Structure formats: structure tokens, C-alpha cells
Amino acid sequence: MAHRLLDLAFAVFLCGLSIFLWVVADGFPESRRFAQADADYWPKIIFGTMALIAAILAIRSVRDMRRSGLSAAGAFTMSPDFRNSALRIGGMGALVLVYFVAFQHLGFILATFAFLVLASFVLPYRNNLTRVVFAAGFTAVLVLFFTQALELPLPRGTGIFYDLNVLFY
């Protein structure tokens, strides 16, 4: 039952956040050149879809809680599996925040590689070589996709990290 309450709380949080970000995107400056697809076009599509999906998940969580008929007092007893899952989710959330900050200072390549290696430890997988190879390969694919296919610049970091990232792209 506790996981259903967490699902409900998370879905309500995501729905509220999506609506807030929709309003923020609505304030983006208008472009005279692109009258049909303004700067807020894609963010509004993403946040609108995200709000809709989160609302559906919240409704399903409420429905499942009513069907199970368990009391709310029993919802707060935590099993060891639930604690482990909650710690993993919390760890990933903290890791995403650290990645967000490191992204600008270390640059895309180093921050993404480090993030993928550290995030792989959240998964119950034992082969460390596979973790590093996957992180390096996926980072390389992302760099090639953004720099070559989309021709978008990626953050290169500051200081010595800038010089290191210039060697790659």
C-alpha cells in the first residue's frame, strides 16, 4: 500500500510541475520568423503530455488504493524491499541534481560519462566493465548525434575541462 501512496504523491507532483512548466513556457518570447511553431511549441507539447500521463497515473493509483481496501495506517509500514527501492530512487534523484550542476562545469562528455557510470550502480548488475563500456559508448553516440546529426553545440565546461572537451569536438 505504501508504494501506491508514493505513486499517487509522485503523480500529483509531476502533474503540478508539468502545469507550472506549461505556464512558464507560455511566457517564452514570441518569434516573428516562426509564427506557427514558436519557442513555446515543443515545451508545451511535452509538458501537456506529461501532465496528462501524470493525471492518468494519479487516477489509477486512487482506483487501485480503493480496490485494495487496505487501511491508510497499514500503508506506512515499510518492507526492506520498499526501503531499498526508496533509497535507489532518492539516490538517482540526487545524482540527477549533481549531473545538472556538473553539466555546465565539466562539460557534456565528462558529466554524462560520470553520470552513466554512477547511475549504473543503482541497477543490480555486477559487471563493471560493461558499465564503463556502455557509458563510454552511449556518451559517444550522444555526442555524435547532437554535434553531427543535429549540429547543436554541447556545453564544454569551464577551465581545464573546456580544454579537455575541445580535444573531442
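1. T112 is in contact (heavy atoms within 4.5 Å) with Y99, T139 and L142, leaving aside its neighbours within four places in sequence. T112 lies in helix α4. Helices here are DSSP runs of H or I with at least four residues, strands are runs of E with at least two, and both are numbered from the N terminus. Y99 and T112 sit 13 residues apart in sequence, and their C-alpha atoms are 7.5 Å apart in space. Is T112 buried or exposed? T112 counts as buried, because its relative accessibility is 3%. Buried means under 20% relative accessible area, exposed means over 50%, and partly exposed is in between (1.4 Å probe, protein chains only).

2. A word on the source. This is a predicted model, where local features need pLDDT of at least 70 and side-chain atom pairs count only at pLDDT 80 or more, while totals for chains, interfaces and linings use all residues. Residues are numbered from 1 along each chain as its sequence is written, and side-chain values use heavy atoms, with hydrogens and water left out.

3. Now the whole chain. The chain has 6 helices and 0 strands. Of its 169 residues, 24% count as buried. Among contacts with a separation of 6 or more, 61% join residues 24 or more positions apart.

4. Which residues form the largest nonpolar core? They are L95, F115, L116, V117, A119 and A135. Helix α4 (residues 108-120) gives the largest share of this core, 4 residues. A nonpolar core is a set of buried Ala, Val, Leu, Ile, Met, Phe, Trp, Tyr and Cys residues joined through side-chain atoms within 4.5 Å. L95 touches F115, L118 and A119, leaving aside neighbours within four places in sequence. In soluble globular proteins, nonpolar side chains tend to be buried together.

5. Next, the surface. F10, F13, L17, F20, V24 and F28 form a nonpolar patch there, with about 580 Å² of accessible area together. Such a patch takes Val, Leu, Ile, Met, Phe, Trp or Tyr residues with over 30% relative accessible area and no salt bridge, their side chains joined within 5 Å. Areas come from the Shrake-Rupley method with a 1.4 Å probe. F13 belongs to helix α1 (residues 2-26). F13 counts as exposed because its relative accessibility is 52%.

6. How many salt bridges does the structure hold? There is 1 (a side-chain nitrogen of Lys or Arg within 4 Å of a carboxyl oxygen of Asp or Glu). R63 pairs with D64, their closest N and O atoms being 3.7 Å apart. D64 is partly exposed at 29%, and R63 is partly exposed at 38% relative accessibility.

Terms used:
Patches are made of residues with over 30% relative accessible area and no salt bridge: like charges are joined within 9 Å, nonpolar side chains (Val, Leu, Ile, Met, Phe, Trp, Tyr) within 5 Å.
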